Amino acid sequence: MKFAFNIFLLCVFTVSAFGSVAADLARASKKHAFTLIEAEQTKTVSFFDERLQSEIVIAVSTDGKMRMQTLSPFEAATIFDGGTTARYEKTSGTWRRLDSDGGALAKRVFEQIGRLLTASGGEDYDVSENGAVLTLVPKNAFVRAAISKIEIGTSGAGENTAVSSVKITDADSDTTELRVKKISHTQPDGIFDVSKPDWRAK
């Protein structure tokens with residue numbers, strides 16, 4: 001289920017809910033057909049004393065295509081092109097495609113996020129606001145089995161509202177925290193190609 005936590009970070013740009021901050025964020029997200037996020041991710045896991053830190057890239061398009069790629073301290077990627085999900089990991093300098101139940105799980109989660117992208121999935125979450133922080137609590141039993149809540153920190157206002165941080169608390173109380181470093185809206189070639197574990201490679 002840890003894989004599902006990472007994928008759900010994508011939904012922070014697709015909140016379709018009532019409330020001033022949520023509405024502003026939803027309007028701002030719909031201004032762009034593509035969003036690329038560079039971020040630092042920190043995880044706390046019950047069986048580790050130290051926090052686990054990584055550098056990640058998240059890409060999402062309004063037609064439901066998505067990529068999440070870990071850049072360091074290891075390399076891994078999950079890509080969804082709207083119909084097919086591909087998962088990769090890099091070991092000894094070579095990318096290897098993974099064949100596991102995780103791919104089916106990823107596709108199911110991606111499809112649910114796609115409903116959010118089209119503003120047809122707002123009923124899946126209870127959304128509350130506390131200042132500039134949104135809290136999403138999943139109603140769906142499948143999602144609830146993995147995630148307890150998602151807390152989204154925002155900055156700006158109106159159509160300039162943007163996500164600045166995300167904290168996901170899973171059902172076992174482990175957490176994933178995301179600090180957004182950079183957001184861009186220019187789509188690179190091949191970023192949603194499921195045959196390319198790293199779209200930057202020539």
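Q: In this predicted model, which class of accessibility does Phe 47 fall into: buried, partly exposed or exposed?
A: A residue counts as exposed when its relative accessible area is over 50%, and as buried when that area is under 20%. The value for Phe 47, which lies in the loop between strand E1 (34-44) and strand E2 (52-61), is 60%. Because 60% is over the cut-off of 50%, Phe 47 is exposed.

Q: What is the accessible area of the nonpolar surface patch that includes Phe 47?
A: Phe 47 forms this patch on the surface with Phe 48 and Leu 52. Taken together, the three residues have an accessible area of about 320 Å².

Q: What is the phi value of Ser 92?
A: Ser 92 sits in the loop that joins strand E5 (85-91) to strand E6 (94-98). Its relative accessible area is 80%, so Ser 92 is exposed. Ser 92 is not a glycine, yet its phi is positive, near 50°.

Q: Where is Ser 173, a residue with phi near 75°, placed?
A: The phi of Ser 173 is positive, although the residue is not glycine. Ser 173 has a relative accessibility of 54% and therefore counts as exposed. Its place is in the loop between strand E10 (162-170) and strand E11 (175-184).

Q: What is the distance between the closest N and O atoms of Asp 63 and Lys 65?
A: Side chains of opposite charge can pair when their charged atoms come close. Asp 63, at 53% relative accessibility, is exposed, while Lys 65, at 29%, is partly exposed. The two form a salt bridge, and their closest N and O atoms are 4.0 Å apart.

Q: Which residue meets Arg 96 in a salt bridge?
A: Arg 96 is partly exposed, at 42% relative accessibility. The N to O distance between the two side chains is 2.3 Å, and the partner is Glu 89.

Q: Is Asp 198, the salt-bridge partner of Arg 200, buried or exposed?
A: The closest N and O atoms of Arg 200 and Asp 198 are 2.9 Å apart. Arg 200 is partly exposed, at 43% relative accessibility. The relative accessible area of Asp 198 is 12%, which is under the 20% cut-off, so Asp 198 is buried.

Note on methods:
Residues are numbered from 1 along each chain as its sequence is written. This is a predicted model: local features need pLDDT of at least 70, side-chain atom pairs count only at pLDDT 80 or more; totals for chains, interfaces and linings use all residues. Side-chain values use heavy atoms; hydrogens and water are left out. Helices (H or I, at least four residues) and strands (E, at least two) are DSSP runs, numbered from the N terminus. Buried means under 20% relative accessible area, exposed over 50%, partly exposed in between (1.4 Å probe, protein chains only). Patches are made of residues with over 30% relative accessible area and no salt bridge: like charges are joined within 9 Å, nonpolar side chains (Val, Leu, Ile, Met, Phe, Trp, Tyr) within 5 Å. Accessible areas come from the Shrake-Rupley method with a 1.4 Å probe; for residues, only the protein chains shown count as cover.
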